[in-house]
Amino acid sequence: MSERTKPPADIKDIFDRYSDHGTMTLDHLLRFLIEVQGEKAATKDDAEAIVNALIALQHPDISQSKALDLRAFFCYLFGDVNPPLSPSGSHDMNSPLPHYFIYTSHNSYLTGNQLSSDSSDAPIIEALQRGVRVIELDLWPNSTEDDVDVLHGMTLTNPVKLIQCLRSIKEHAFVVSDYPVVITLEDHLKPDLQAKVAQMLTQTFGDMLFVPESECIAEFASPEALKRRILISTKPPKEYLEKKIEALEENDPENVECIDKEDLEDEEDEEDKLQHNAAPEYRRLIAIHAGKLKGGLKEWLRVDPDKVRRLSLSERELEKASITHGKDIIRFTQKNFLRVYPKGVRVDSSNYDPLTAWMHGAQMVAFNMQGYGKSLWLMQGMFRANGGCGYVKKPDFLLKLGPNNDVFDPQANLPVKTTLKVKAYLGEGWHSDFGKFDIYSRPDFYLRVGIAGVPEDSGMKETKEMDDNWNPTWNEEFEFPLTVPELALIRIEIYDYDMSERDDFGGQTCLPVSDLKTGIRAVPLHNKEGDKYKSVKLLMRFEFVSVDSRP
């Protein structure tokens, strides 16, 4: 922490209340943890661990007394030992897999846009290192039709060998998280190459590969039971798409290159009718069967009590379906998997708002991980929950039936459950991490803070600008009434005001409200790609006020 950063008045007042003659003992610190930080289960050992961490961070003067002065207390509050989220997982991981939101990537192998970028295993590795648990691979025959490539079909993207992708998945799958990795395959192969893929999968992953005992799984195992396992999900093999492409080219040749391959697929017959041409050694490896049943949306969302399956909808299909069949979607996702993917016109690898999908219980909200921007910040924020393990337990209201066998209604007007109070004290670290914003003056930082969630809860507010200050102190407080706090994310962004040009970006983060620690916390900021800065952080206070306790 910079020597120039001074404790604000609130912090001084709190220190005075929880100290004696300028000294905060372990007992004082424990009382502060319980009463201010909301850590009701804290012990004296926890307080001593904080002091020991400070000693390790160049505060040897407190090693004998194990007591803090104001400066040491402020260093604790503004240090890495005081994060806004728990670094370890806290969610129940013993429920069936469909009871979780799962960190999911779309076209995981692409390095850039959807039409002409290279395919590589590098984005797959990066995704796994960020905690992503669902990897998508598109399988196509190579030019000589004796091997399998991964590429975005019917585009100018360059291929990468399937075996290279599989080996990289094996090496990096469980570096960040032990919970299962799902590989979704878009299969455009004949039976001989399917057999080759089956051989690659079994030889590469060995015992890591989950092989179901039956094609019909009535209830899926839990993330805990499937730790360090690889699961395969794909549609039962079917005919190639060339005839569909030819028909589209005849009818609408200008737009065919902007249509996602998944938007081209006809409704499927019952899966059993489609599987007879598949290589049996390939078919038996499918753990999560995907596909649309014959008929319209009502049939797609039909729940089979004897079989778990995966349905894929484009963001556009979901938007339409959520208006007419919102409760049916939620009922479907209580047992089955719903995967949502970007519409085909997003050739720049941009993303969509994930909240509609999460509101309807969709487990696999597939994102272009190279599509940096505010939508991806929300995705990254959601999966900072539960220790960043890539699995977030869905709220109970999306999983349980009501007294009349009813489910949550996403379109209902709901009362406010709680109010989140947010106080932004100050920030620091830009001088170290950015160097400069403007050649002629120091930055004029302001902070934007708000909620991304259900429409009633969403909105942004901002502080005043702090002129010519590398270490801005705002001391401003905001309130956010929340009707569905379980799905809310708090958005925090910093900008340097520029009178003549676009305001300069100064960092961002997004945090899941359901996992947010109350009290005074050091909030690290990230760049546009989601990488944490070395030094830039904010000091903030979070407090929940129940409806009943408000004056």
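In this report, Ala, Val, Leu, Ile, Met, Phe, Trp, Tyr, Cys and Pro count as nonpolar, Asp, Glu, Lys and Arg as charged, and the others, Gly among them, as polar. With that in hand, welcome to the structure above, which is a predicted model.

## The chain as a whole

Let us start with the overall picture. The protein chain has 551 residues, and 56% of them count as buried. Its secondary structure consists of 15 helices and 19 strands. If you take the contacts between residues at least 6 apart in sequence, 73% of them join residues at least 24 apart. The accessible surface of the chain is about 23,900 Å², and carbon and sulfur atoms account for 48% of that area.

## The largest pocket

What is the volume of the largest pocket? It comes to about 750 Å³. The lining is made of 27 residues, and those nearest the centre of the pocket are Leu85, Arg384, Gly388, His526 and Lys532. Two or more lining residues come from each of strand S17 (504-512), strand S18 (519-526) and strand S19 (532-546). Of the elements, S18 gives the most, with four residues. Sorted by class, the lining holds twelve nonpolar, nine polar and six charged residues.

## A helix and its cover

Helix H2 spans residues 26-35, and its buried residues are Leu26, His28, Leu29, Leu30, Phe32 and Leu33. What covers these buried residues? The cover includes helix H1 (9-17), helix H3 (44-56) and helix H4 (70-77).

Met154 has a positive phi, near 60°, although Met154 is not a glycine. Its place is the loop between strand S3 (148-150) and strand S4 (160-161). Asp468 is another residue other than glycine with a positive phi, here near 50°. You can find Asp468 in the loop between strand S14 (459-462) and strand S15 (473-482).

| Residue | Relative accessible area | Class |
|---|---|---|
| Met154 | 44% | partly exposed |
| Asp468 | 37% | partly exposed |
| Cys165 | 0% | buried |
| Cys216 | 41% | partly exposed |

Why does Cys165 count as buried? Its relative accessible area is 0%, and buried means under 20%, so Cys165 falls in that class. How many disulfides does the model have? The count comes to zero disulfides.

How values were computed:
Residues are numbered from 1 along each chain as its sequence is written. This is a predicted model: local features need pLDDT of at least 70, side-chain atom pairs count only at pLDDT 80 or more; totals for chains, interfaces and linings use all residues. Side-chain values use heavy atoms; hydrogens and water are left out. Buried means under 20% relative accessible area, exposed over 50%, partly exposed in between (1.4 Å probe, protein chains only). Contact means heavy atoms within 4.5 Å. A disulfide is a pair of cysteine sulfur atoms within 2.5 Å. Accessible areas come from the Shrake-Rupley method with a 1.4 Å probe; for residues, only the protein chains shown count as cover. On a 1 Å grid over the protein atoms alone, a cavity is a set of points where a 1.4 Å probe fits but cannot get out, and a pocket is an open set with protein on both sides within 12 Å along at least five of seven lines; lining residues have an atom within 4 Å of a point. Grid points are joined across faces, edges and corners, and a volume is the space filled by probe spheres set on the points.
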